[in-house]
Amino acid sequence: MNTGSEKASGPRRAPASPLPSYGIDTYSMPLDEAWRTRRAVYEGTFRFEKADSPGGGARARTAVTFLEDLLVATFQGEAHAINRSADLIAAHPTPVLKVRIYHRGECLLVQGEAQTRMGVGAIHFIDHNRPHRQIGTEMEHSTLGLPYHAVGYDPMLHPAYFNIPLDSPRGRLLHVGLASLFDEVRTLDRGEAAGVAMAIKGLVRGVIAGGIGPEASDHNRHARTAAMKAFIDQNLAEPDLGIDMLLEKFGASRATVYRDFADDGGLKNFILSRRLHRAYRALSEAMPTRGAVLAVAEACGFETLAHFSRSFRAHFGERPSDVLGQWQTWTPHIERSDVGDQPTDMVLPTGSIAALRWSYDRFN
């Protein structure tokens, strides 16, 4: 997708170890298959609504790339509407801030009584974890998803939606960085991912720190908690990760650390949840080979395979072996559907759909 940034050098070589990317294109599918595919992707995250367009909103091209704990997504599609309701958020809370640039088209964002038109000319910031409805025209956009704590976003301090005009100094600076990311992400090597992700997070964090909403008296507490969560994400592989490591790193009292994580079900629960989500992604992306589950468990800081398997099943309702390699699975999923008088085989890219659903719902 062309975001308008200029390449400073010639074409890059294909990366030796590219970042995981997944996508679907429903333009070439029969209409009922396109509907089935779009709904399968959005299931659990949005309620997908028909729109006044030739395909009713079912025609779209979308792709996502995982960049460490960030998600880079591109979308092109017909007019459609999606609704992220309170019950869907309660079922799968996802503390993610979405940063979006529109290349064409626009979208009406409805949040309670507030209505805002999002479109070309600004960088849009949307809290994915608060109820909202999007009613869009035919459109094309690029979106970056970032966990709250990675950029210092706090729903207690910051608005559910805000934007920065592209013709402002901060807008121009951020646009250059994001446009470069959207252009280059598919050419990045895994070895480059950590540095690029850190740079992008720093850029967005600086924009947010520059002032986007009301100040609060406990700003320092929220900043400290965000820093501790970022530290935890960077050290999930350490079996000893816990209260003592945080005390040594941040110098806060034991009671303060426990209080800071009370809203997350406690520090121990937060670390376990982060490890399990990291493991789910790693298992899904892994090739289903002997020893793969144990390798993922160890890489995510679990000291025993039994503890990992038991915790994984309690959290996700599946065994680690059930999801191993699922995003690498391209065996067609055949369904029967009546089109006219003739039954037709529907071929759905199940690996890509599973990855896209995870990315929209609980990618972090």
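Colleague: To start, how many helices and strands does the chain have?

Modeller: Hello! The chain comes to 13 helices and 14 strands, where helices (H or I, at least four residues) and strands (E, at least two) are DSSP runs numbered from the N terminus. This is a predicted model, in which local features need pLDDT of at least 70, side-chain atom pairs count only at pLDDT 80 or more, and totals for chains, interfaces and linings use all residues. Residues are numbered from 1 along each chain as its sequence is written, and side-chain values use heavy atoms, with hydrogens and water left out.

Colleague: What is the average pLDDT of the chain?

Modeller: The average is 84, and 86% of the residues score at least 70; pLDDT is the predictor's confidence in each residue, from 0 to 100. Over residues 214-218 the pLDDT is below 50, and that stretch has 3 contacts in the model beyond near neighbours in sequence (contact means heavy atoms within 4.5 Å). Residues 330-348 also have a pLDDT below 50, with 38 contacts beyond near neighbours in sequence.

Colleague: Now the sheet, please. What is the strand order in the open sheet of 7 strands?

Modeller: The order is β1-β3-β4-β11-β6-β9-β12, with antiparallel pairing. Two strands pair if DSSP finds at least two bridges between them. β1 (21-25) and β12 (161-165) are at the edges with a single partner strand each, so one side of each has no neighbour in the sheet. From one strand to the next, the twist averages 15 degrees, with axes being lines fitted to C-alpha atoms and angles running from 0 to 180 degrees between N-to-C directions.

Colleague: Over how many bridges do β4 and β11 pair?

Modeller: Strand β4 (residues 70-77) pairs with strand β11 (residues 139-147) over 7 bridges, in the antiparallel sense. Q76 stands opposite E140 in β11.

Colleague: And which residues of β9 are on each side?

Modeller: A122, H124 and I126 are on one side, with I123, F125 and D127 on the other, and all are buried. Buried means under 20% relative accessible area, exposed over 50%, and partly exposed in between, using a 1.4 Å probe and protein chains only. With 6 of its 6 residues buried, strand β9 (residues 122-127) is therefore largely enclosed by the rest of the structure.

Colleague: What pairs with β9 over 5 bridges?

Modeller: Strand β6 (residues 96-104) does, in the antiparallel sense, and K98 stands opposite I126 there. β12 also pairs with β9 over 5 bridges, again antiparallel, with H124 opposite N163.

Colleague: Changing topic: is Q115 buried or exposed?

Modeller: Q115 is exposed, at a relative accessible area of 56%. Q115 lies in strand β8 (residues 114-119) and touches L108, L109 and V110, not counting residues up to four places away in sequence.

Colleague: How many disulfides are there in the whole structure?

Modeller: The search finds 0, taking a disulfide as a pair of cysteine sulfur atoms within 2.5 Å. C107 counts as buried at 1% relative accessibility, and C300 is buried too, at 4%.

Colleague: Last one: which residues touch the most other members of the largest nonpolar core?

Modeller: Of its 47 residues, those are Y42, M118, Y280, L283, F308, F312 and W327. A nonpolar core is a set of buried Ala, Val, Leu, Ile, Met, Phe, Trp, Tyr and Cys residues joined through side-chain atoms within 4.5 Å. Apart from it lies another core of 29 residues, including V99 and Y148.
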